[in-house]
Amino acid sequence: IFLLVGRRKAAIFVGSHNLTLSGFGYNRELSTCFEFKPGTEDIGNDIARHAWRAIETWLAAQGDVLPEPLREAVRAVSNFGAWLRAQAGAPGEVTFLAQTPSSTGIWGQLQPRLPERVKRIIVVGPFFDSDLALLSQFRQAWPRTPIIVGVDPATAILPEYNDAKKKFDFRNASKLGKRGGYLHAKCYFFDTGGSRDVLVVGSANPSAHAWLGTAKFGNDEAVIVRSGRAAGDSAEQLGVPKVADLRSLDSGNWKALTE
């Protein structure tokens, strides 16, 4: 979460980027940016308010890890934007979801928003757990739906690939996008071929820790969920459907992944 707060204008970015030069300059990343005027009906206000709640929850969970003066310094950001403390509206076609120690996992929050019928699921991500737990959740929810996974074999982390080869359709995404660089983007497109598409972009890798968190297990994560025709339009603009046209991983690609 990258939040710029002012009394008259503000912006928030929620994406895959770390706070590094690579994250903001060299990698292939995906981020959603909202620029807005505080106190208006602009959706950015609600996104920022939901994000601020997640930040406050994260601060409260740090215990002695973060000194209290530092936590108060972060909370003081809202002094420049009292509008952050206002009640956020109900989730709409574009919404912010966070996985925190006091929330259910992202999967638990997202699943009720997803359509019953999905034509295909396209996933792009760099890090997977050895059980392929998230992809298995997708398979359980939609047993007959193709699950296409774009990875860069040179940089992705896939600890156990024997089951991966049998159960899911992995594609070589090394050339995905208009530029080179480390493929650090995380994206999930639930393609219905119509008006009920769902696109998820944010920090969450395709792993159990990132999506299936509980109070005692899992990462803190933040994603933007876009639903309806806007999701399909955004996916097209990003080139996400092109993952389905990429070549399947060959034996050399699988070897590169294991190394």
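The side chains of K186 and H184 are joined by a polar contact of 3.3 Å, a polar contact being a pair of N or O atoms within 3.5 Å in which, within protein, one atom must be able to donate a hydrogen and the other to accept it, with residues adjacent in sequence counted only if both atoms are side-chain atoms. The model is predicted; local features need pLDDT of at least 70 and side-chain atom pairs count only at pLDDT 80 or more, whereas totals for chains, interfaces and linings use all residues. Residues are numbered from 1 along each chain as its sequence is written, and side-chain values use heavy atoms, with hydrogens and water left out.

K186 is placed in the loop between β7 (169-172) and β8 (187-191); helices (H or I, at least four residues) and strands (E, at least two) are DSSP runs, numbered from the N terminus. K186 is buried but has no salt bridge, and E29, the nearest side chain of opposite charge, is 5.3 Å away. Here buried denotes under 20% relative accessible area, exposed over 50% and partly exposed in between (1.4 Å probe, protein chains only). A salt bridge requires a side-chain nitrogen of Lys or Arg within 4 Å of a carboxyl oxygen of Asp or Glu; for charge, Lys and Arg count as positive and Asp and Glu as negative, while His and the chain ends are not counted.

By this rule there are seven salt bridges. Among them, R71 pairs with E68, with the closest N and O atoms 3.3 Å apart. These two residues are three apart in helix α3 and are therefore separated by about one helical turn. R71 is buried at 12% relative accessible area, whereas E68, at 36%, is partly exposed. E68 also forms a salt bridge with R75, again with a closest N to O separation of 3.3 Å. R75 in turn meets E72 in a salt bridge of 2.7 Å, N to O, and both lie in helix α3, three residues apart, about one turn of the helix. R75 is partly exposed at 23% relative accessibility, as is E72 at 39%. Through shared partners, these salt bridges join E68, R71, E72 and R75 into one network.

The largest pocket has a volume of about 660 Å³. Pockets were defined on a 1 Å grid over the protein atoms alone, as open sets of points where a 1.4 Å probe fits, with protein on both sides within 12 Å along at least five of seven lines; lining residues have an atom within 4 Å of a point. Grid points are joined across faces, edges and corners, and a volume is the space filled by probe spheres set on the points. Of the 24 lining residues of the largest pocket, I1, F2, I55, W58 and A222 lie nearest its centre. Helix α2 gives the most to this lining, with four residues. The lining comprises 13 nonpolar, eight polar and three charged residues, where Ala, Val, Leu, Ile, Met, Phe, Trp, Tyr, Cys and Pro count as nonpolar, Asp, Glu, Lys and Arg as charged, and the others, Gly among them, as polar.

The second largest pocket has a volume of about 470 Å³. It is lined by 23 residues, with E29, L30, G177, K178 and L238 closest to its centre. Two or more lining residues come from each of α1 (21-26) and α8 (229-238), and α1 gives the largest share, four residues.
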